[in-house]
Amino acid sequence: MSQSSDIQQQLSELRELINQHNYRYYALDDPSVPDAEYDRLMRQLQQLEEEHPELISADSPTQRVGAEPLEGFSQIVHEVPMLSLDNAFSSEDMQDFDRRIKDRLGNDDDITYACEPKLDGIAVSLLYREGVLERGATRGDGAVGEDITHNVRTIPSIPLKLLGSGFPSVLEVRGEIYMPKAGFNALNERAREREEKLFVNPRNAAAGSLRQLDARITAERPLEMCCYSVGVVDGGDVASSHHDILYQLQSWGFRINGEMRLVVGIEACNQYYQELLMKRADLPYEIDGIVFKVDDLPLQQQLGFVAKAPRWAIAHKFPAEEEMTQLLGVDFQVGRTGAVTPVARLQPVFVGGVTVSNATLHNSDEIERLGVRVGDTVVVRRAGDVIPQVTKVLLDSRPEKTESIKFPQLCPVCDSPLERVEGEAVIRCTGGLLCDAQQKEAIKHFASRKAMDVDGLGDKLVEQLVDEKLIENAADLYALTAEQISGLERMGEKSAQNLIDALQKSKSTTLAKFLYSMGIREVGEATAVNLAKHYGSLPALQSASLEDLLEVEDVGPIVAKHISDFFANEHSQQLLDQLKAAGIHWDDVERPSNDELPLLGSTYVVTGTLSAMGRTEAKERLQALGAKVAGSVSKNTACVVAGPGAGSKLSKAQEFGIKVIDEEEFLALLDQYNG
Ligand code: JCF
């Protein structure tokens, strides 16, 4: 064999292998090799192609990164028009759809439908000739679209070359290009950090990514394609049912929707709809409804089309997650930590399945970014159980008279000055517990389930108690009498006594819950548990220095400062005394003495692979000896435990001259202390 055909052989084997791995990873979500192996193969191919540039082919997996920018998009005419779908908005609409089909077929037998989520992305067409991707186009108006070949080539779930065999020599595959929620969130997070423009939703982000003349930009966007039908088919055949066509497409290398099901009869369609509606928020991509199609192709042909939509398919829409409405005004709410949040007061609108009249505007930066004014028409988004947000201003419909939104100079509740910490977006009230709002929120938090768990003490009741000046802080709760409570609106003698009993019951708690209930900034449930475990008692924690606090699991300099500030504060001290006097109690945690914690004060880092135990166990064993285990090496690291495969952490340790031990020495260390 000549050398060049030998290389050619090597190249096609590598490409074949990489395409297979790509398929398993991007189309089937079922990777066949670890990422590192995939990377090695790619590098091997790249190197070989560098050495033999004349052998690079357009369908090589290395050719996805994006070529030079285009001057503009050219138009393409869809040989088979790309139809839209009729919509159904209720189960009655679905019933009618099913009825029309049966009437037209002159047969009352139950129809088999293929059902799948309707992805909220951009419809595209891909043309394959002899199994090689030749052209990608947007749907456009269904008759004429734009050529986006350079961009679709960068999307990993789109095969540049079909897998397997038996595909028609000309095959047009249709589907939806979309951006998964996680990719969208990460993209916007990065844009926010760089103070760039944010995308309004994943669909806009996908559209914007495909509208790039420079495919190198598209290549960096987390796009996926999911296929749902074929257009032109020439020089070969496809299967005779919708679902079989999808499985064929899958075998040729495409991603299809894993939620696709076959059901019989319209009742089952409605049931599928309800199931997916429940699942909607948990799916990794956005959907705006369910597509139902008559599965049998001969039946589809018999049914045909009306105007621009097939008679054999329908989209049963979900409630919209975005709607337009008017911004009537902005209120400023003060939270437990004093953070002042602008809240949009909206003309009530039905969105995401509920009527929304308030939405968060986050902070003053966000108001500026949106450029929103009172009186504007805005887009409100409510997805899943997430709080509603204003995501966009419709400038085209801005009325003549709008008002700018003025962030207050003083706390809207207590008139204390507001402050903005350098580098933070949050503006806070400096009033602390003198601020009624912060006081109320602090008491609500104190009584909440994961804190002191005072049964029956809801938000409204706390507000009444503070407004009626019956309490000023959490400790005052324990001095309330049944008479005082039963005098309140909507409270009877029975409910008053229940609350007294619940308060009594809450006095017996744990140190962790008590610490959490104090609402110290950045001290959530997990940190409270760590603090309780580490110190065992309140006095031990109170007397801890900043450096001491840094020894606690997951406590960094900022949290440590908040904790230390809290205990140094006069109001906090009074509150703690008052609560103790009220009879709040817990059993102190038995904490090993310092003699039993020989590694107290040292920070360890575990890296690489250990054969005797996993890194998590290694970490726990070290912590049991009092060590702090950190995730990265710094000047404060006492020792690095390095197994085989250790990388940058090991080199950093060597650079800093930090002690490094291998697994054998590590096991000896554990042995030494565990006797
Ligand atoms: O997921 C979609 N957005 C979607 C759109 C799914 C389908 O099965 C479609 C479609 C548009 C047209 N089917 C047709 C015929």
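1. Two strands, β3 (112-119) and β10 (287-294), each give at least two residues to the shell around the ligand. Strands here are DSSP runs of E with at least two residues, numbered from the N terminus. The largest share of the shell, four residues, comes from β3.

2. This is a predicted model, in which local features need pLDDT of at least 70 and side-chain atom pairs count only at pLDDT 80 or more, while totals for chains, interfaces and linings use all residues. Residues are numbered from 1 along each chain as its sequence is written, and side-chain values use heavy atoms, with hydrogens and water left out.

3. Around the ligand are Leu83, Leu85, Glu116, Pro117, Lys118, Leu119, Glu176, Tyr228, Val291 and Lys293. A residue counts as near when one of its heavy atoms lies within 4 Å. By class, six of the shell residues are nonpolar, none is polar and four are charged. In this scheme Ala, Val, Leu, Ile, Met, Phe, Trp, Tyr, Cys and Pro are nonpolar, Asp, Glu, Lys and Arg are charged, and the others, including Gly, are polar.

4. The protein covers 90% of the 360 Å² of accessible area that the ligand has on its own (Shrake-Rupley method, 1.4 Å probe).

5. One cavity of 30 Å³ or more turns up in a search of the whole structure. A cavity is a set of points on a 1 Å grid where a 1.4 Å probe fits but cannot get out, and lining residues have an atom within 4 Å of a point. The largest cavity has a volume of about 100 Å³. Of its 15 lining residues, Asn19, Asn22, Arg64, Pro156 and Pro159 are the closest to its centre.

6. Domain 1 (3-62) and domain 2 (86-317) each supply at least three residues of that lining. These bounds come from an automatic or database domain assignment.

Terms used: On a 1 Å grid over the protein atoms alone, a cavity is a set of points where a 1.4 Å probe fits but cannot get out, and a pocket is an open set with protein on both sides within 12 Å along at least five of seven lines; lining residues have an atom within 4 Å of a point. Grid points are joined across faces, edges and corners, and a volume is the space filled by probe spheres set on the points.
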